[in-house]
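Okay, thanks for coming, everyone. Let me put the structure up, and then I'll talk you through a few parts of it.

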Amino acid sequence: MTATLERPSVAVRKKRSVTPARVALHVFLVLTCLMTLTPLLWAVYASLRTYEDTSVNGYFSIAKSLTFENFAKAWEIGDLPHFYWNTFLITVPALILTLVLSSMVAFGVSRFSFKFNIALLMLFTAGNLLPQQVIVTPLWRLYRLIELPAWMSESESLIDSPLGVILIHIAFQMGFCTFVLSNYMKTIPYELTEAARVDGASVFRQYWQLTLPLCRPVLAALATLEFTWIYNDFLWALVLIQDGDKMPVTSALQNLKGTFFTDNNLIAAGSLLVALPTLVVFFVLQRQFVGGLTLGSTKG
Amino acid sequence: MTAVQEKPKAVAPSGPPPRRRGKRATALAGTDKLVLALMLGIPAVVHLLFVWVPTLGSIALSFSRWNGIGGLEDIEWIGVANYVEIFSEYPRFWPAVQHNLIWLLFLLVVPTTAGLLLAVLLDRELRFSRIYQSALYMPMVLSLALVGFIWQLIYTPDGGLLNSLLGLSADPVDWIGDSDINLYAVLVAAAWRHTGYIMLLYLAGLKSVDPALKEAAALDGASSAQTFFRVTFPVMKPVNIVVAVVTVIEALRAFDIVYVINKGRNGLELLSVLVTDNIIGEASRIGRGSAVAVILLTISLGVIIPYLYQVFSKENRT
């Protein structure tokens, strides 16, 4: 397949004609894309149909009428605004603090050499690759041990509190961000910070006013990625938050299933509503999203 | 171990008096040293406390018997009894290992091949290339929990898309309820999401291959297939390593999708489920759960350490 399709590409670049191989390539790609989109399109289709319609005619049929009713219903029955808000309270602080803290580490590690330079970076990178289950049990117990004043957490400990989920996101996601940012910062010429240092700029100014602005593209890419990852987190909140009411929207899906009962149209509509923020981010910031993942793999 | 290493660094900066005009321009002033120590120290402490301390905690707890609810003084140390029990008696362990292995093999074969193929096809001047890429990347932004939800609409026996397409509506196959096939049904859904990621990694890899290499091979009379397998693919070794690491870790982490579907029972047992069951499920045997976690840790370190070695040994040379 590949062999037959590859050859014409060289020729085409020269004369840009429509060859059968080119057509075959496009047909293959269109079909693959359609297959990839099918599950989502199927969910959209199911979500737009009424319960009466599908219970009589089945799902595999032509819709009698299309309606947005299911979305309104899922929004209301599932109490989605409440869960979106829970997610917001976790995602935004976690995202900002992750980027701030990891850029500081990356700056320190890439601009100065000290004894534990590489060791520190390796530790962060390794930590990010651990399966979450390796740390979840002691973490859950540790959270119950750490007592907090009531103004910081209603439950008076880290368990069952957005703060606890924020902290583990920061601790865990810092690994990836530090790795990517330090690779990027290494490509910034040394002379730049060196000159600033000679001019008497403090370490913090070198970081905040000189290095960070240069890292804007990477920070944008990482912010996009981390938003989707933190938004999509299921496990941390599931384990560390016991009160179903406090769960972020992704983990609350589990309970919504019970609320929606067996009405698949409602489940489809609810799922799409939960997917919506990440899909919007993907469509608007696709370049950043892809760029971030690429930066993590091929070293700058 | 690591926590001890951190200490001296945080203490050291208070040593030299501040504002001493350095003999060399590179010497750091006292306040700068303190600032730098804080910039590195605070994140390091957060990371160590919430990631590595619990990891060590899992190792320690794996040698104990504890229900997790009582105080620390209730912990009973029982040596390797948990491991012995897991390997010899625990009925859910070996199926879980088997399922994780199948998961890994499936991800290593199906999405990797598909992702590589698509990357090769798209790595050229092509109309609509952006649109194709967007469509293929899209599943990547969905959480695995959500993927589980969306695919249930396809697999459900009553009115699911798959049975309808296959003409099995009269005698429906229960893709998710049948413990002989549900693992593969779930794997198809997981692969659906994973393929875009692999494709993205390989596309980046292909772009970074020096075109001169391909031209040289073509001049020497190599066919496209030969050029790809003998030149391009070997040159992409760093990408291949990343793909391998990402896939292994993904296979070990697999949890959300099976938990959403049936809480990881009836043919969908995974090591991650066995761990989590002790905290939020019916079992509450912290020791045994931790021992499973340590087994996960051991396997994952098997890929993490070679990966770190590969990445950071290169770093030292440059």
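This is a predicted model: local features need pLDDT of at least 70, side-chain atom pairs count only at pLDDT 80 or more; totals for chains, interfaces and linings use all residues.

**Two helices in chain A, and what surrounds them**

So, H8(A) and H11(A) run roughly antiparallel to each other, because of the angle between them: helix H8, residues 162-186 of chain A, packs against helix H11, residues 216-232 of chain A, at about 155°, and the axes are 11 Å apart. For anything over 145 degrees we say roughly antiparallel. The crossing of H8(A) past H11(A) is right-handed.

The scores for the whole thing are ipTM 0.85 and pTM 0.87. Chain A has a mean pLDDT of 85, with 92% of its residues at 70 or more. Within chain A, confidence is highest in helix H5, residues 80-111, at 94, and lowest in helix H1, residues 2-15, at a mean of 43. Over residues 1-14 of chain A the pLDDT is below 50, though that stretch does have 21 contacts in the model beyond near neighbours in sequence.

Now the annotation on chain A. The unreviewed UniProt entry marks "transmembrane region" at residues 23-45, 83-107, 119-143, 163-181, 214-231 and 266-285 of chain A. I looked at a couple of those. Residues 163-181 of chain A are 100% helix and 0% strand, with the end C-alpha atoms 25 Å apart. Residues 119-143 of chain A are 88% helix, again with 0% strand, and there the end C-alpha atoms lie 27 Å apart.

Next, how do the two chains meet? On the chain A side, 87 residues are in contact with 84 residues of chain B. The largest share of that chain A side comes from helix H2, residues 20-47 of chain A, which gives 11 residues. By class, the side of chain A touching chain B has 57 nonpolar, 25 polar and 5 charged residues.

Over to chain B, then. Here I picked helix H4, residues 93-122 of chain B, and helix H8, residues 182-207 of chain B, which pack at an angle of about 40° with their axes 6 Å apart. That angle is why H4(B) and H8(B) are described as oblique to each other. Their crossing is right-handed. And what's in the contact? For H4(B) with H8(B) it's 20 nonpolar residues, 5 polar and no charged ones.

H4(B) is also where confidence is highest in chain B, at 94, while helix H1, residues 2-11 of chain B, is where it's lowest, at a mean of 33. Over residues 1-25 of chain B the pLDDT is below 50, and that stretch makes 27 contacts in the model beyond near neighbours in sequence. Overall, chain B has a mean pLDDT of 84, and 90% of its residues reach 70 or more.

One last item on chain B: its unreviewed UniProt entry gives "domain: ABC transmembrane type-1" for residues 97-307 of chain B. In the model, that span is 74% helix and 0% strand, and its end C-alpha atoms are 23 Å apart.

That's it from me.

Note on methods
Residues are numbered from 1 along each chain as its sequence is written. Chains are lettered from A and ligands numbered from 1 in the order in which they are written. Axes are lines fitted to C-alpha atoms, for helices over the stretch in contact, and angles run from 0 to 180 degrees between N-to-C directions. Helices (H or I, at least four residues) and strands (E, at least two) are DSSP runs, numbered from the N terminus. Angles under 35 degrees count as roughly parallel, over 145 as roughly antiparallel, 65 to 115 as roughly perpendicular and the rest as oblique. A crossing is left-handed if the near helix is turned anticlockwise from the far one by less than a right angle, and right-handed if clockwise. Two residues are in contact if their C-beta atoms, placed from the backbone, lie within 7 Å. Ala, Val, Leu, Ile, Met, Phe, Trp, Tyr, Cys and Pro count as nonpolar, Asp, Glu, Lys and Arg as charged, and the others, Gly among them, as polar. UniProt positions are given in the numbering used here, feature names are shortened, and annotations may be inferred rather than shown by experiment. pLDDT is the predictor's confidence in each residue, from 0 to 100.
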